[in-house]
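Hi,

Here is the structure I promised to pass on.

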Amino acid sequence: MSDNSSNDAFSPIPFLRLDRVLKEYGGEIETAVAETVASGRYLQGSRVRDFENALISQCGARHCVAVSNGLDALRLMVRAYIDLGRIKPGDEVLYPANTYIASVLPLTEFGLVPVGVEPSETDFNIDFTHLESRITDRTRAVMLVHLYGNPAWDADVCRRLHERGIIIWEDNAQAIGAESPVSGLHGSNRTGSLGDAAAFSFYPTKNIGALGDAGALTTSDSEVADRVRTLAQYGSDRRYHNITQGYNCRMDEIQAAVLIVKLKRLDSVSRRRAEVAALYSDLIANPAVKLPAILTDRRQVWHQYVVMCEDRDSLKDHLASAGIATDIHYAVPPHRQPCYSGLLRGDFPRTDRMADRILSLPTAGITDDEIRRVAAAVNSFQRPQNDTRPK
Ligand SMILES: *Cc1c(COP(=O)(O)O)cnc(C)c1O
């Protein structure tokens with residue numbers, strides 16, 4: 001990547017360079033936006049339909065409904081299953097305790113009972129070896145989250161869940177383009193089509209990001225797709241005919257036009273992220289810093305490159321003093337959020353321990369030179385001698 005600032009060994013390295021990401025598309029995005037503006041059609045046009053078809057081809061699901069954002073995709077998905085009588089308030093849904101809160105909000109919004117499962121320290125995803133022990137006779141669904149771009153799928157466990165009639169939802173906000181080694185319930189091995197229905201987010205910082213909010217629902221179940229489309233459009237199945245009390249959750253034509261351009265480059269986006277991760281993993285060598293696993297049995301898309309360190313806050317400060325911005329995904333898990341105080345049952349010591357140790361390094365729009373600087377700064381970190389904080 002050519003960018004003058006990357007040659008300056010002292011310029012700050014921000015966590016994200018979305019300006020550089022935009023440049024990778026060489027003006028195509030600006031052209032797509034300008035054409036859409038000139039078209040005079042801003043909602044419910046051909047670009048949204050074309051994008052839905054492109055996402056279907058990408059992930060292998062049978063149906064797609066483009067919507068307003070990732071949280072709305074999750075909300076409409078859950079509400080559709082409730083409307084169709086497949087799940088009801090009071091039913092339990094398993095979810096990974098270390099996920100972003102948006103995976104859980106739609107469950108409690110519709111009266112479902114989230115039951116947390118600890119993550120695996122290898123891939124940060126729900127620990128499939130613990131999952132089945134949390135099933136009760138009220139368990140009706142599981143929300144799989146492909147966190148940090150790591151596909152979460154265990155063929156044997158998922159087959160047994162499916163055979164017991166447990167719905168498998170995917171939160172695919174972070175893993176577009178990722179692949180499981182084996183195919184899911186419907187023949188494709190891409191995230192977003194492994195389970196019964198999936199939600200995507202195209203928030204600007206995701207691997208494929210819009211110029212604002214956008215999301216999508218995919219499913220191989222035409223009833224679910226129809227219901228989500230209806231719910232996203234005021235609850236109307238045809239014009240001015242409302243069969244259910246719905247919402248307005250449409251994606252607009254400008255975002256669809258942008259996403260059509262971006263989706264075409266998904267493979268090179270994923271490849272570059274894998275290169276960034278491989279370079280970090282080659283260059284970082286510090287006994288105080290644990291690197292994320294490079295998994296050879298599946299395709300990771302590296303939404304985040306997450307290291308773990310017992311003195312995470314000191315490491316974060318050390319990098320900040322070298323001008324390097326980092327982030328934490330996520331410092332406070334859902335069960336510790338004030339809005340869920342006393343509401344999300346269970347103790348999650350592994351989730352809590354990981355939340356204190358994880359640190360995300362910059363990955364989007366970063367140059368190889370910058371990666372070398374970040375790695376050198378990580379390598380020069382030393383654990384504070386006088387650190388008496390409990391481990
Ligand atoms: C970003 C994200 C969401 C929410 O998507 P929005 O488009 O921001 O509403 C949901 N789940 C996960 C895991 C996410 O990373």
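Phe-200 counts as buried because its relative accessibility is 1% (buried is under 20% relative accessible area, exposed over 50%, partly exposed in between, with a 1.4 Å probe and protein chains only). Phe-202 is buried too, at 0%. Before you read on: this is a predicted model, where local features need pLDDT of at least 70, side-chain atom pairs count only at pLDDT 80 or more, and totals for chains, interfaces and linings use all residues. Residues are numbered from 1 along each chain as its sequence is written, and side-chain values use heavy atoms, leaving out hydrogens and water.

Back to the rings. There are seven aromatic pairs in the structure (rings of Phe, Tyr and Trp, the last by its six-membered ring, with centres within 6.5 Å; planes under 30 degrees apart are stacked, over 60 edge-to-face, the rest tilted). One of them is Phe-200 with Phe-202, a stacked pair at 6.1 Å centre to centre and 20° between the planes. Ring pairs also bring in Phe-51, which makes a cluster with Phe-200 and Phe-202.

Then there's Tyr-280 with Tyr-305: the centres are 4.9 Å apart and the planes at 35°, so this pair is tilted. It ties together distant parts of the chain, as Tyr-280 is in helix H10 (residues 266-283) and Tyr-305 is in strand E11 (residues 305-309), 25 residues apart (helices, H or I of at least four residues, and strands, E of at least two, are DSSP runs numbered from the N terminus). Tyr-280 is buried at 0% relative accessibility, and Tyr-305 is buried at 0% as well.

Tyr-280 turns up again in the largest nonpolar core, which has 64 residues; Met-143, Trp-169 and Tyr-280 have the most contacts inside it. (A core is a set of buried Ala, Val, Leu, Ile, Met, Phe, Trp, Tyr and Cys residues joined through side-chain atoms within 4.5 Å.) Helix H4 (residues 70-83) gives the most to this core, seven residues. A second, separate core has 30 residues, including Ile-29 and Ala-257.

Last, the helices: H3 (residues 46-59) packs against H9 (residues 253-264) at about 35°, with axes 8 Å apart (axes are lines fitted to C-alpha atoms over the stretch in contact, and angles run from 0 to 180 degrees between N-to-C directions).

Cheers
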